[in-house]
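Thank you for making the time this morning.

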Amino acid sequence: MDTNTASKPLTAKDFKSNVKPVWCPGCGDFGVLSSLTKVFAELKLIPENVAVISGIGCSSRIPAYVNSYGFHGVHGRALPLAIGLKVSRPDLSVIVTGGDGDGFSIGGNHFLHACRRNVDMTYIVMDNQVYGMTKGQASPTTEATWAKGKLTPGGPGINPFNPLVIALASGANYIARCSSGDPNGTAKVLAEAIAHPGFSFVQIMSPCVTYRPEQREWKKTARPSPVEATDDPARAARRLMSDDGLNTGPLYIGSRAPYQPELKASIENLAELEQEFVV
Amino acid sequence: MTTETSKSVSIVLTGSGGSGVMTAGSMLLDAAGRAGYYALMTRSSGPQIRGGEAAAMVRIATHPVESHTDRYDMLMAIDWQNVGRFAAEIPMDEASLMIGDPKGGERPEIIVATGARQAELPMREMAKAIEGGRPNMLVLGAVAKMIGLPDQAVTEVIERNLARKGQEAVDASIACVKAGSKAAAELPSIPQLSASETDSSRWSITGNQAAGLGAVRGGVRFVAAYPITPGTEVLEWLAPALKKVGGVLVQAEDELASVTQIIGGSFGGTPSLTATSGPGLALMMESIGLAVASETPIVVVDVMRGGPSTGIPTKSEQSDLNIAVYGLHGDAPHLVVAPTSLGDCLFTTQWAVHLAESLQTAAIVLSDQALGQSQAIIDRPADVAFLAKREIPAEVGEDFKRYAITASGVSPMPIPGMAGGQYTADGLEHTETGTPSSSDIDHSAQMDKRLRKLTDFNYGDHWADIDGDGETAILTWGSTSGPVSEALDRVRADGGDARLIKIRLLLPVQPEQFAAALEGVKRVLIVEQSHSGQFYRYLRAHYELPDDVQVFAKPGPLPIRPAEIVDRLANWS
Amino acid sequence: MTAQEKPTSGSKTIATIEDLLAHARDMEAEAAERYDDLADQMEVHNNHEVARLFRKLAEIEAKHVAAVEAMGDGLDLPELKPWDHAWENESPEAPESDEVHYLMTPYHVISIALRHEKIAVDFFEGVVANSADPKLRETADRLADEERDHVKLLEEWLTRFPKPDEGWDHDPDPPNLQE
């Protein structure tokens, strides 16, 4: 982070772009945007040294709303795009944002492997348990009985996916859950996640006021976890076994070394590469 | 024993279960290179991962060779296990010679039926007599002697290639080579190679390695990889090479990831590339469209194999032309280029990097298995000046627009770290600043610029390799260029002529250049390796052709032979 | 973070005038920024009357920032991390992101603003009640007074905007498909 420190302090507002969000008023993602820009200011990042990468979905619109470099790519592929960027440009601070459908359904395989690869970046999933951009279908985190999804009359009938369990099993180096209804608590966790080396995964419960208005209740039902974060994966796993999905704060803080190949040439002249072909 | 000589000799080495015919073939190739000859080797094998039957098809000649010829002078078999499966790939006749170990099993009927002369060489027994000796080295010695390669060239290759295995291994191999060489005197003869031109610096390289080298020379420093036959070797060569030059290769979880990783790498300002084959290319198409729409340069090398679906992974075909040209959804102008020879994999890939970077778009390099996995002795390819050179704004002011409408269509692209250049690259249609837009005006303006930058660019003479004159033109591309060139040489030797046009730049199409190249042409033969005539239909769609058009389209797995082209030209219907 | 500590803990006590004024400054600044954001949201959703009202509130809050800064003239006000303030969650004066609706009316805007001004009054009154330092109590009371004035003003405004009928948030059209 040191190299990306600004000389003149910037405020959260300086990290907002002049593009106005298209999200529904009331959407939890506004809170996340607010948390994110506060964190960038707190960590004294420099806008041009930050890249916010996303796929497709409501929450994936975030890059355009942040004053930084950004990439709004295709559905489900934010993580590999970010990995390509960070591995070749380790000097940048890379943040990946997206939703539950983008990250856990179409991008599910990349999620597993990004956790496993442990590149130094922070992945923020704004989880509202629904596909908002396509009019409210069930997502991988939707409960089995939610009957309002138009593609799953009567409910999906299959159990939701627990992203924290998968992140832990796959090797993420920092795992936390937040609620967008608590923007400063979220900001505090994000600050820790971004500063922590390796792959940090933060699930943010972010209500969809249009398709899941009942999620407004999260603001009241989400509460800080009564247990401290652990560096022991076994303890973290046990906690997740009794987790009701409403505990917030960091769960697991690991110490695995991030994946970052050295980008240092060992030969001076490209012509040396040809030698193996000379007969 | 006759002393007939030839400018070109073709040999097949076969064997199974660790017989080492591929190693012997490769060393034969290198020895030919050291002795001043040119050569080409193609591998063929059964479906087994290890221990299966294998054939190394080697052609050695006094002149550069880009294709196998119509027949083989000799088949040398360490054993006959399943060698019949290669029968269609190794045409022989009464002048050919087949040599096998007397204890190597029964000779396949289909091979015997060619009428080839037969002989025996107790290679296993002879190798056993030498401590650490192996039959494949004995075969190497015998073949080298029979075709007239100097002993020294073979010895040098052994010393170089086996040095890491220790002196004992080198000595054992040299002893085997000598024994084989001595035994060759007792065998029936095949044509010996005419004297070679010496001096020039030769390379022994595969098309896949050449593509990798072209990528690095062009400036590629980030590669994401997912293994697939026959594209893998491009990536395997790049992995250690990139490390040496300060770049990096990342093995991704799938092709969806590898292509997107290189978009990320390129967004960060690093020229980036991946390599794959048909099924992988199909998976990558969505993100190639993202590279086009977001104007992020990337290069995708597709080493084509038999399709559709898993198809015939180990055999060549030119049947990914349609997907490469037409496979992107939406109107997505991009580059498609194809190497015209094994050695040209270097130039064309390097050029593709240069073009993609200059034009901020996706370039697909359509190589194929025959180019990629064949190994050849070639002259060192010339150095070319094409490098990745992206237009980066010198400075960015308040009103900077990433997707500014410019005369050339290319908009200066800041890279992360550049103050004031912050923008969001987007696959959604956008305004000049990059903000998503569904306006008809923005859509037209952005589509126009994305097309204009490709169509207005001057590709020079590299769009095609054109050779010869005459009222007959042969249009081809990729690896079929090899047999077509050879066919043309024969036609010319017989006093005829034709014009050969090997198209390197498949997209964007070059109608003016094409028309000029066809000036005076009355009839056209189109040669390609696809079942449905993809190249023919592509030409029909984009170019003016004369009335008299013949199509020679044949799918894999068998290569097109020069004689088939000669026959087509002779029997124009 | 310890188990006892809530992420946005409001357990912190304000002990100095500098700390108090820093809180007051951040309270107004965050409210100003939030009202601007809400005005943007309403503009995007073509609710211009409400947008104008939010924008006006943003302007007023921005003036308060200046006023608080003037009060702190000559003092070295600390910079506080967002999560290190003495209040629960965000600035008491800033509406939370889920309090709005794209079809909301001026009545709702004023009601929300009023609610938050009252929370701000409570906040400063809490400082008065919990502090033994007369100067700190005096400053906190002055700030509470300011907020009480705003409450009065907004209560007066509210009389100008009638409460909308039930069903004000009814939209006969379904949501749009985007991507």
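This is a predicted model: local features need pLDDT of at least 70, side-chain atom pairs count only at pLDDT 80 or more; totals for chains, interfaces and linings use all residues.

**Sheet, chain and interfaces**

Let me turn now to chain A, which has 9 helices and 10 strands. Its radius of gyration is 19 Å, close to the 19 Å that the globule rule gives for 279 residues, so chain A is as compact as a globular protein of that length. Taken along the principal axes, the box filled by its C-alpha atoms is roughly 70 × 45 × 40 Å. Of those 279 residues, 59% count as buried, and if we consider contacts in chain A between residues at least 6 apart in sequence, 69% of them join residues at least 24 apart.

Which strands of chain A pair with β4(A), and in what sense? On one hand there is strand β3 (residues 93–99) of chain A, which pairs with β4(A) in the parallel sense over 5 bridges, and here A:V96 stands opposite A:Y123. On the other hand there is strand β8 (residues 199–205) of chain A, whose pairing with β4(A) is also parallel and runs over 7 bridges, with A:D127 opposite A:M205. As for burial, 7 of the 7 residues of β4(A), residues 121–127, are buried, so the strand is largely enclosed by the rest of the structure.

We come next to the interfaces. Two pairs of chains touch, and the pair with the most contacts is that of chains A and B. In that contact, 41 residues come from chain A and 52 residues from chain B. On the side of chain A that touches chain B, the elements giving two or more residues are α2 (62–65), β2 (69–72), α3 (78–88) and α5 (108–117) of chain A. The largest share of that side, 8 residues, is provided by α3(A), and by class the side has 24 nonpolar, 12 polar and 5 charged residues. Helix α3(A) is itself mostly covered, with 11 of its 11 residues buried, among them A:L81, A:K86 and A:S88.

The two chains are also joined through strands, in that β2(A) runs parallel to strand β17 (residues 424–426) of chain B and is joined to that strand by 3 bridges, and A:H72 stands opposite B:D426. Within strand β2 of chain A we find A:F71. Is A:F71 buried or exposed? It has 29 C-beta neighbours inside 10 Å, and therefore A:F71 counts as buried. Leaving aside neighbours within four places in sequence, A:F71 is in contact with A:I53, A:P63 and A:L81 in its own chain, and with B:F267, B:T424 and B:A425 across in chain B. A:R61, which is 10 residues from A:F71 in sequence, lies 9.6 Å from A:F71 in space, C-alpha to C-alpha.

Finally, chain C. Here 27 residues of chain C are in contact with 36 residues of chain A, and the side of chain C that touches chain A comprises, by class, 11 nonpolar, 8 polar and 8 charged residues. Chain C does not touch chain B, and the nearest C-alpha atoms of these two chains are 9 Å apart.

Technical notes:
Residues are numbered from 1 along each chain as its sequence is written. Chains are lettered from A and ligands numbered from 1 in the order in which they are written. Helices (H or I, at least four residues) and strands (E, at least two) are DSSP runs, numbered from the N terminus. The radius of gyration is taken over C-alpha atoms; the globule rule is 2.2 Å times the number of residues to the power 0.38. A residue is buried if 20 or more other C-beta atoms lie within 10 Å of its own, exposed if 12 or fewer, and partly exposed in between; C-beta atoms are placed from the backbone. Two residues are in contact if their C-beta atoms, placed from the backbone, lie within 7 Å. Ala, Val, Leu, Ile, Met, Phe, Trp, Tyr, Cys and Pro count as nonpolar, Asp, Glu, Lys and Arg as charged, and the others, Gly among them, as polar. Two strands pair if DSSP finds at least two bridges between them.
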